[in-house]
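Here is a short report for a first look at a protein model. Keep the structure in view while reading.

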Amino acid sequence: MKLGRLNHIGVATPSIAESLRYYRDVMGASITHEPFDLEEQGVTVCFVDTPGENGTNGTQIELIEPLGEQSTLTGFLAKNPAGGQHHLCYEVEDIEDARKWFEDMGKRILGPTRIGAHGTPIFFLHPKDMMGQLTEIMETPKDDAHWSN
């Protein structure tokens with residue numbers, strides 16, 4: 001298994017609208033993505049692109065807001081009312097190879113492999129097995145077709 005690039009940093013927020021204003025007005029980001037719901041995961045998501053080099057985009061910020069009281073983010077925001085860093089997401093070439101790699105090392109995988117916000121398979125690793133950081137593993141989008149909602 002070969003770890004790929006850092007795809008995005010997940011940031012939990014009580015308000016995507018307020019967070020978008022922050023990234024636009026304070027951080028100077030140009031907001032080109034629209035929020036969308038991932039009902040099966042109980043969240044609303046919006047990506048913010050950071051600048052890269054030579055006209056490319058850098059690592060994305062994934063803003064995630066609870067979609068209803070049953071969202072898994074509700075507990076996170078109860079402990080962190082202003083929001084904050086929620087997870088890191090790394091790309092891999094083959095999601096099943098990566099899952100087996102982490103399982104063989106005894107790392108706890110949280111739930112089944114499922115389709116994530118980029119439209120590719122993902123899974124999460126327990127923070128206690130990943131230096132205290134909730135970690136998302138996602139299969140690299142084919143043809144470098146990163147989310148462009």
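## About the model

This is a predicted model, in which local features need pLDDT of at least 70, side-chain atom pairs count only at pLDDT 80 or more, and totals for chains, interfaces and linings use all residues. Residues are numbered from 1 along each chain as its sequence is written, and side-chain values use heavy atoms, with hydrogens and water left out.

## Cysteines

The whole structure has zero disulfides (pairs of cysteine sulfur atoms within 2.5 Å). Cys46 is in no disulfide, and the nearest cysteine sulfur, that of Cys89, is 16 Å away. That is too far for a bond.

Cys46 is buried at 0% relative accessibility. Here buried means under 20% relative accessible area, exposed means over 50%, and partly exposed lies in between (1.4 Å probe, protein chains only). Cys89 is buried too, with a relative accessible area of 0%.

Helices (H or I, at least four residues) and strands (E, at least two) are DSSP runs, numbered from the N terminus. Helix α1 spans residues 16-25, and its buried residues are Ile16, Ser19, Leu20 and Tyr23. They sit on the same side of α1, because they cover an arc of only 100 degrees around the axis. The arc is taken from the directions from the helix axis to the C-beta atoms.

Glu91 lies in strand β5 (residues 84-92). Glu91 is buried, at 5% relative accessible area. Its side chain makes a polar contact with the side chain of Thr140 at 3.1 Å. A polar contact is a pair of N or O atoms within 3.5 Å; within protein, one must be able to donate a hydrogen and the other to accept it, and residues adjacent in sequence count only if both atoms are side-chain atoms.

## Salt bridges

The structure holds six salt bridges (a side-chain nitrogen of Lys or Arg within 4 Å of a carboxyl oxygen of Asp or Glu). One of them joins Arg99 and Glu103 at 3.3 Å, N to O. These two are four residues apart in helix α3, so about one helical turn separates them. Arg99 is buried at 15%, while Glu103 is partly exposed at 42%.

Asp129 and Arg108 also meet in a salt bridge, at 2.9 Å, N to O. This pair links distant parts of the chain, 21 residues apart.

## Surface patch

Met1, Leu3, Trp101 and Met105 make a nonpolar surface patch of about 390 Å². Patches are made of residues with over 30% relative accessible area and no salt bridge: like charges are joined within 9 Å, nonpolar side chains (Val, Leu, Ile, Met, Phe, Trp, Tyr) within 5 Å. Accessible areas come from the Shrake-Rupley method with a 1.4 Å probe; for residues, only the protein chains shown count as cover. Trp101 lies in helix α3 (residues 95-104) and is partly exposed at 41%.
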